[in-house]
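The sequence and the model are shown below.

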Amino acid sequence: MNQRPAFISVALAFGLLGAATPAQQPAPPTPDSLVDLNKGIELYLRAVGASASPKAAGEDYRAALDLFSSVLQREPANPAALLFHSLCHGGLALVERYVRVVELQDIADADDEVLKARGSPEVLERIRGEVEALRTTAQDASLEPAERLIAELTLKQRESFLRRCEEEKRSDDELRGSIAEKRAQVRARSEAERGHYVAMSTDLTALLRVLDKPEVVVRLMEVLARSKVASSDEDEALRVRRGELEESQARAPVDALRADAAEALRQVANILQELIRGGFASREDEVRTKFFLGVVRYRQAVPRRADTEVPELDETLLAQAEKIMAEAQRIMQDLADDPNIEKTWRSYASFYLGLIITSRASRESDLGRRQAVLREAESRLAEAARYDLNPAAKPDAPPEVRSRSEGRLPELVAKQRVLIARLAEPQVGAVQLRNDLQLTLFTGAHRDTNVVLLGERTDLPRDISRTRDFGFTAGLIVDYTRDLSEKLTLGFQGRVSQLWHADVDEFDEQQYGASVALQYELVPEGESFGPMHLRLQYDYDYTLLGRAAFVETQSLTPNLRFFWDQRRAETNVYFAVTLRDYREPLFDRRFDRDGEYFALGILQSYKLLDMTPRYENAGIEPWGAKGDAYLRQDDPDFPARFLTPYLGFQYAWDSTNGDEFDQNEFTFLCGVTVPLPLGVDLDANAGFEWQDYRHGSLIDYHRRARRDFTQRYTLALSRTFVLRGGAPANRYRLDIDRLLMTVRAHATWTLDDSNVVNRLGEAIFEYDRVLYGISVSFAFN
């Protein structure tokens with residue numbers, strides 16, 4: 001048994017004798033105090049000795065505690081006495097924990113398993129099969145040492161359980177009585193353990209008042225004590241929820257216990273963040289602090305709940321836990337050869353990352369994405385098992401000797417793998433189907449340098465006084481998504497928008513539209529390919545220009561979209577058929593633009609480079625806003641932010657009722673999304689269109705066929721803020737509890753070169769245009 005509380009340095013205690021503030025500097029210890037201190041320290045050192053048994057250690061801790069108490073009665077501000085008094089309470093808490101877990105809880109749990117197995121012969125048969133498989137695995141010479149160690153420990157547990165089942169002679173009632181008795185003792189020991197941690201925290205609070213600049217290790221001891229008190233409160237609440245304890249017998253009501261635990265963890269997190277802000281004298285202190293903060297954030301994000309309860313995960317805190325733990329582990333990697341750092345820390349950092357990533361995977365409703373995240377969690381657990389190996393142990397040594405944690409961490413890895421295996425399976429009868437409603441309100445203002453698309457050397461139209469103007473836009477979009485099955489999804493959208501101009505109100509626009517889409521999953525997500533979706537979408541739009549009907553549009557678009565290279569590459573292939581009905585007055589039927597418009601295209605994007613770790617390594621915050629982790633509901637890659645270029649090509653041909661506007665069009669698209677610090681995205685896009693009209697233009701003085709070359713360039717900066725996170729479960733029912741705000745600043749340059757020149761020398765189809773502005777949208781869902 002390792003009874004030594006974490007981060008204890010005896011040399012530190014002697015240094016504290018001169019570390020008090022000048023105002024509070026106590027008088028030199030009296031001779032009696034020095035004698036008691038020396039005797040107490042001697043007893044304390046004997047208690048933490050590797051050969052000390054729990055009983056003997058407890059006796060030494062209590063004797064030392066009495067001696068340090070006598071010093072504090074004479075000298076209440078003696079820093080060494082305060083420190084060792086707190087350490088003795090910590091040691092007694094560990095002794096209580098050892099007795100509670102090893103001598104009571106483990107035995108009660110084992111008896112409970114035996115009792116359950118008696119009524120289920122198939123359980124024993126299953127375990128016997130596991131034992132045979134484990135024996136084969138443990139003898140596999142090709143197996144990695146860490147995996148063989150886990151197999152050996154698991155085999156030892158299974159064989160011990162079978163022997164216990166075979167040798168157990170007590171009746172069912174006797175077993176139940178023994179279990180109840182031990183669980184009552186467990187609670188008593190837990191209360192005693194909590195009392196010691198409360199006393200330890202009280203001592204450390206007094207010590208911190210005395211010290212001028214306390215060592216980081218003292219603050220971390222305070223963190224340890226407070227977090228243990230929070231764990232005790234959580235355990236008490238779990239006993240009530242599991243039916244092991246009546247709520248009237250508990251220390252406090254369940255809600256109060258959990259509130260106290262949450263508050264204690266919040267205070268602990270504040271202490272750790274304060275330490276991080278203050279900087280560190282050594283990398284070891286930085287590792288310790290960030291490791292603890294990662295653990296605390298994980299505990300805050302994933303509150304402990306009974307099996308009958310549904311825990312509500314905090315996405316923001318979970319992302320913070322993953323980030324800070326990964327950062328701590330990177331520092332540990334840098335210190336891998338430093339003899340002053342505990343190697344077991346690296347193994348536990350990897351293990352907690354495995355826990356954190358598993359929790360993230362449990363939020364994924366898509367089986368393929370969930371399995372991909374679970375593979376990442378499994379790799380972290382395997383890493384933890386490798387770090388736990390004791391290089392000084394001989395290959396044929398007992399498994400507990402070959403483990404730095406004496407087998408504890410490999411056992412935890414094995415248990416977590418059982419959960420991962422269960423999560424990786426299709427959840428039969430528990431498939432969540434989306435039933436999501438989203439309302440989006442948007443508004444924006446812009447400056448337009450050519451509202452009427454006035455051509456080169458062309459006079460302004462009658463009653464139009466200018467081409468430059470300010471515009472203001474507002475609108476509403478309603479989206480509804482419904483999964484009809486695991487593979488089939490139906491979507492609806494309704495939209496309305498209004499564009500007002502300050503002066504050129506003849507070009508004000510009103511748009512009303514609706515869409516319906518049906519999507520089918522042809523191929524599910526795999527390790528390197530998928531998913532692949534086939535989508536059919538119908539769109540209807542009705543546009544008014546200057547408050548008069550302008551055009552009615554109907555489109556039907558089949559689309560094939562698939563992902564490959566582990567979802568980093570996305571390919572879209574589409575074909576669109578559009579019917580347009582223009583309501584403008586005609587003076588010559590040859591200018592009739594009504595007709596059929598066709599387009600065939602492909603878009604290819606690739607997530608080239610994750611910028612998040614690059615920013616973090618440079619000390620730059622990649623996200624930075626409260627609630628960013630809730631963006632995971634829309635982006636399964638979060639917190640990754642990829643530099644994503646794309647290319648596209650489209651061939652279109654128009655068949656109108658008239659002759660003037662029949663054309664073939666070739667469009668080349670390219671662009672890139674660049675993630676900037678603090679969650680800002682930069683989008684840079686370019687489009688190049690070659691338009692070849694099939695008939696001689698009635699407008700051109702020489703009746704030449706019209707040829708246009710259009711260039712469009714766009715730059716945009718955007719940032720989405722989570723104003724209210726919302727529960728992921730509400731994407732599967734019609735509960736609106738999430739609010740996102742997106743701010744976007746943009747500029748678009750359009751250059752249209754045309755060969756058409758009328759009899760007055762006007763190039764009416766050739767124009768330049770710049771549009772720049774800012775918009776904000778609010779999405780409720």
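Asp700 is buried, because its relative accessibility of 0% is under the 20% cut-off. In this predicted model, Asp700 forms a salt bridge with Arg704, with 2.9 Å between the closest N and O atoms. Arg704 counts as partly exposed at 35% relative accessibility.

**Other salt bridges**

- The whole structure holds 53 salt bridges.
- Asp637 pairs with Lys607 in a salt bridge whose closest N and O atoms are 2.4 Å apart. Asp637 lies in the loop between helix H15 (612-617) and strand S10 (642-656), and Lys607 in the loop between strand S8 (595-606) and strand S9 (609-610), so the bridge ties together parts 30 residues apart in sequence.
- Lys607 counts as buried at 19% relative accessibility, whereas Asp637 is partly exposed at 23%.
- A network of salt bridges links Asp109, Asp112, Lys116 and Arg183.

- Helix H6 (residues 145-167) has 23 residues, which should span 33 Å at 1.5 Å a residue; its end C-alpha atoms are 33 Å apart, in agreement.
- Buried residues of H6 include Leu149, Ile150, Leu153, Phe161 and Cys165.
- Among the elements covering the buried residues of H6 are helix H4 (79-118), helix H5 (121-138), helix H13 (367-387) and helix H14 (408-424).
- Glu147 forms a salt bridge with Arg417, the closest N and O atoms lying 2.8 Å apart. This pair links distant parts of the chain, with Glu147 in helix H6 and Arg417 in helix H14, 270 residues apart.
- Glu147 is partly exposed, with a relative accessible area of 21%, while Arg417 is buried at 17%.

Notes. Residues are numbered from 1 along each chain as its sequence is written. This is a predicted model: local features need pLDDT of at least 70, side-chain atom pairs count only at pLDDT 80 or more; totals for chains, interfaces and linings use all residues. Side-chain values use heavy atoms; hydrogens and water are left out. Helices (H or I, at least four residues) and strands (E, at least two) are DSSP runs, numbered from the N terminus. The expected span of a helix is 1.5 Å times one less than its number of residues. Buried means under 20% relative accessible area, exposed over 50%, partly exposed in between (1.4 Å probe, protein chains only). Contact means heavy atoms within 4.5 Å. A salt bridge is a side-chain nitrogen of Lys or Arg within 4 Å of a carboxyl oxygen of Asp or Glu.
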